[in-house]
Amino acid sequence: MSDAYLAPIENDEQRIVRETGVDARVASIVEPVLNSAGYRLVRVRLSGMNGLTLQIMAERADGTMTVEDCENVSRMISPLLDVEDPIDRAYHLEVSSPGIDRPLVRMSDFARWSGHMAKIDTSVIVAGRKRFRGTITGLSQDSVTLESDKASFGDSMVADIPLDTIADARLILTDDLIRAALKADKAARQARGLELEDEDSVSDDDTDN
């Protein structure tokens, strides 16, 4: 299993999985601001949850995203969205981290999480289908390779999926993924000096109780 996911990634790396429609318009507005502040846009999604919710998913280049980071991003982009007004109805803004079973939107995401399971949907038929599930076992400039743990009748166990056909991709939650994600998050937080702050916060809470 690769440890490449521990390496920090450049903020300006382009996403290969991108939005369409209104989501794309919002992404074009907020992404330059996020990049300039040291964050990377992961995904924009407008949904009917709680009336209408605009979810902005972001992270730092090292993969961390604290509650304070989410609040900071929200303060940065809220006035900008008010001015640009890309959505013609009232909505609730939600800024979040990608989570452990995160979307995979950049080549570096696939490289970081090589050896873990993912599911991928394509915009066109690839090798007779549009949905794939398996372990990430390879990555080139043009495609990602998934090796399935089980294949339907007639499907190959190994699929090379062209990157430019990927409509949606995300990790599948497993015990191995949880352990790897927690290890990577701890290392990144220690590098930023956040681990001690978190421990102090826990101690304060325990004292109050």
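Student: Why is Gln 55 called buried?
Tutor: Gln 55 has a relative accessible area of 15%. Buried means under 20% relative accessible area, exposed means over 50%, and partly exposed lies in between (1.4 Å probe, protein chains only). The 15% of Gln 55 is under 20%, so this residue counts as buried. A word on the source: this is a predicted model, where local features need pLDDT of at least 70 and side-chain atom pairs count only at pLDDT 80 or more, while totals for chains, interfaces and linings use all residues. Residues are numbered from 1 along each chain as its sequence is written, and side-chain values use heavy atoms, leaving out hydrogens and water.

Student: What makes the link between the side chains of Gln 55 and Arg 43 a polar contact?
Tutor: The distance between them is 2.8 Å. A polar contact is a pair of N or O atoms within 3.5 Å; within protein, one must be able to donate a hydrogen and the other to accept it, and residues adjacent in sequence count only if both atoms are side-chain atoms. Since 2.8 Å is within 3.5 Å, the pair passes the distance test. The side chains of Gln 55 and Glu 94 pass too, at 3.4 Å.

Student: Where does Gln 55 lie?
Tutor: Gln 55 is in strand E2. Strands (E, at least two residues) and helices (H or I, at least four) are DSSP runs, numbered from the N terminus.

Student: How do you know that the length of helix H2 is close to the expected one?
Tutor: H2 covers residues 67-84, which is 18 residues, and reaches 26 Å from its first C-alpha to its last. The expected span is 1.5 Å times one less than the number of residues. For H2 that expectation is 26 Å, and the span is close to it.

Student: Where is the kink in H2?
Tutor: A kink of about 30 degrees lies at Ile 77, shortly before Pro 79. The bend at a residue is the angle between axes fitted to the seven residues ending there and the seven starting there.

Student: What makes E4 and E5 a pair of strands?
Tutor: Two strands pair if DSSP finds at least two bridges between them. E4 and E5 have six bridges, in the antiparallel sense. E5 and E6 also pair in the antiparallel sense, over four bridges, and form a hairpin with three residues between them.

Student: Which residue of E6 stands opposite Ile 136?
Tutor: Leu 146 does. Leu 146 is buried, with a relative accessible area of 3%. Contact means heavy atoms within 4.5 Å, and among the contacts of Leu 146, leaving aside neighbours within four places in sequence, are Ala 118, Ile 136 and Ile 161.

Student: What makes a group of residues a nonpolar core?
Tutor: A nonpolar core is a set of buried Ala, Val, Leu, Ile, Met, Phe, Trp, Tyr and Cys residues joined through side-chain atoms within 4.5 Å. The largest here has 24 residues, and those with the most contacts inside it include Leu 104, Ile 136 and Val 144. A second, separate core has 20 residues, including Leu 41 and Ile 77.
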